[in-house]
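Please look at the structure below with its nonpolar core and its salt bridges in mind.

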Amino acid sequence: LVSEPLTWLHTYPKTEKAWILALKSYSNVTPATASNVADLFRKSLETLFQEFFNSQKSLENYKGEYKDYLISHGIPTEISSNLSITLNQYTAFINHHAKHHDSTDEKALEYIMYETGNIMRLLLTLKQQEITTV
């Protein structure tokens with residue numbers, strides 16, 4: 001997720017730029033900047049969704065497309081529903097702790113970083129499989 005971001009994000013240049021900024025900010029995080037870093041991870045995920053689904057909605061408004069995309073690509077309902085719940089909890093955390101209250105604890109950032117990367121990576125892996133089977 002972290003060591004080769006340029007490889008798997010080349011076709012999404014805005015996302016690539018946002019993800020690299022978030023990673024660099026994470027590497028220099030302080031208690032005073034933790035909420036900003038969490039929001040940078042959110043912004044990188046939102047940017048991917050905007051590029052991926054070719055729309056300009058906020059992250060919270062992609063839950064339906066995300067779940068539908070997963071199901072349409074063979075991800076079982078149990079897993080796609082779980083991933084949809086994860087996305088819902090992710091956005092709730094960011095909204096409550098990073099965007100609106102500046103109360104993100106540094107200890108939560110590693111999880112946020114990997115959760116962001118996992119969601120991104122899953123979408124891009126499914127897209128790559130779609131391209132290679134055409």
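The report that follows treats the core and then the charged pairs.

This is a predicted model, in which local features need pLDDT of at least 70 and side-chain atom pairs count only at pLDDT 80 or more, while totals for chains, interfaces and linings use all residues. Residues are numbered from 1 along each chain as its sequence is written, and side-chain values use heavy atoms, with hydrogens and water left out.

A nonpolar core is a set of buried Ala, Val, Leu, Ile, Met, Phe, Trp, Tyr and Cys residues joined through side-chain atoms within 4.5 Å; buried means under 20% relative accessible area, exposed over 50%, and partly exposed in between (1.4 Å probe, protein chains only). The largest such core has 36 residues, of which Trp19, Phe41, Leu45, Phe49, Phe52, Tyr66 and Leu123 touch the most other members. Leaving aside neighbours within four places in sequence, Tyr66 is in contact (heavy atoms within 4.5 Å) with Phe49, Phe53, Leu83, Ser84, Leu87, Ile119, Leu122 and Leu123.

Five salt bridges are counted, each a side-chain nitrogen of Lys or Arg within 4 Å of a carboxyl oxygen of Asp or Glu. Three of them are tabulated here.

| Pair | N to O distance |
|---|---|
| Glu46 and Arg42 | 3.2 Å |
| Glu65 and Lys57 | 2.4 Å |
| Lys107 and Asp105 | 3.5 Å |

Lys107 is exposed at 72% relative accessibility, whereas Asp105, at 38%, is partly exposed. Salt bridges with shared partners join Asp39, Arg42, Lys43 and Glu46 into one network, and within this network both Glu46 and Arg42 are buried.
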